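These are my notebook entries on a predicted model. I set out to look up its sheet, its aromatic pairs and its salt bridges.

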Amino acid sequence: MTRLFFITGTDTEIGKTTCTAALTHWAAARGLRAAGLKPVAAGQDFVNGRWVNEDVARLHAVQNAGLSEAELGPLQLRTPCAPHLAARLEGRPIRRAAVLDGLRSLLPRLDIAFVEGVGGFRVPLDEAAGWDSADLARELAAPVILVVGLRLGALNHALLTAEAIAARGLRLAGWLGNTVDGQMLQHAENLATLSSLLPAPCLGRVPRLEAPINAAAVAQHLDAAALQQTLLAP
């Protein structure tokens, strides 16, 4: 049976894909068929004659299950904005059933899967159905891993997100602190506060790294013991 986790963040542009790729790398290094899946992605660039979503490309580079970019990221919208708005602009509606069916069809090929959401925890997806990314996590019945962007406001954003996760009846399995602002004041003290207030273990503390950032470098800052217990314990 596939181990399935939903990756969300305290905001957009706080390192969800960076952390998802690192988790995938960590699991693959332990012999598991692992992949980070991005069912909805918004924003593409034209690179070497084709349209590419950077997040999907990064996740594809670290998976070891033979999945294609189209399988990892089946709905890649071109416009870099909220996905429901990009879908409306491009005439490509996001349909709940298609997203769920696509994800579930891949699970038999994986030992562990990390489904990465978009933006924060509650981002509209299917306008017609009133369906958002929190609903996606709930319907997958997946424990949630929260990526906390470490910058001013992180405490409030993390605690509110944890409350929203619990309100959907989901379990917060763990969290990762990813340093967005390398000059953040009281960095260690903020991490200590998060550790004391979030009802889940810290799975890693990622410092501000120089670009280009690769999954192996980020994985060095994960807590192997906490991951073993959270991701792989029976």
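**Entry 1: salt bridges.** I began with the term itself: a salt bridge is a side-chain nitrogen of Lys or Arg within 4 Å of a carboxyl oxygen of Asp or Glu. By this criterion I found that the structure holds 14 salt bridges.

I looked up Arg168 and Asp135, whose side chains meet in a salt bridge at 2.5 Å, N to O. This pair links distant parts of the chain, as Arg168 lies in the loop between H7 and S11 and Asp135 in helix H6 (residues 133–140), 33 residues apart. Both Arg168 and Asp135 are buried. I then noted that salt bridges with shared partners join Arg122, Asp132, Asp135, Arg138 and Arg168 into one network.

Arg122 sits in the loop between S7 and strand S8 (124–126), and Asp132 in strand S9 (residues 131–132), 10 residues apart. Arg122 is exposed, with a relative accessible area of 58%, whereas Asp132 is buried, at 6%.

I also recorded the salt bridge of Asp55 with Lys38, where the closest N and O atoms are 3.8 Å apart. Asp55 belongs to helix H2 (residues 54–62), and Lys38 to the loop between S2 and strand S3 (40–42). Asp55 counts as partly exposed at 24% relative accessibility; Lys38 is buried, with a relative accessible area of 4%.

**Entry 2: the sheet.** In which order do the strands of the open sheet stand? I read the order of the 6 strands as S2-S7-S1-S10-S11-S12, with parallel pairing. Strand S2 (34–37) and strand S12 (202–206) stand at the edges with a single partner strand each, so one side of each has no neighbour in the sheet. From one strand to the next, the twist averages 20 degrees.

I followed strand S11 (residues 172–179), which 4 bridges join to S12. One residue I checked was Trp175, whose bridge partner in S12 is Cys202. Helix H7 (residues 154–167) lies across strand S1 (3–9), strand S10 (144–150) and S11, and runs at about 165 degrees to S10.

**Entry 3: aromatic pairs.** My search of the whole structure gave 2 aromatic pairs. In one of them, the ring centres of Phe5 and Phe114 are 6.1 Å apart and the planes are at 25 degrees, so the pair is stacked. Phe5 lies in strand S1 and Phe114 in strand S7 (residues 112–116), so the pair ties together parts 109 residues apart in sequence. Phe5 and Phe114 are both buried.

Technical notes:
Residues numbered from 1 in each chain as written. Predicted model: local features only at pLDDT ≥ 70, side-chain atom pairs only at ≥ 80, totals over all residues. Heavy atoms only, no water. Pairing = 2+ DSSP bridges. Helix = DSSP H or I, 4+ residues; strand = E, 2+ residues; numbered from the N terminus. Axes fitted to C-alpha atoms, helices over the stretch in contact; angles between N-to-C directions. Contact = heavy atoms within 4.5 Å. Phe/Tyr/Trp six-rings, centres within 6.5 Å; stacked < 30°, edge-to-face > 60°. Buried < 20%, exposed > 50% of the residue type's maximum accessible area, 1.4 Å probe, protein only.
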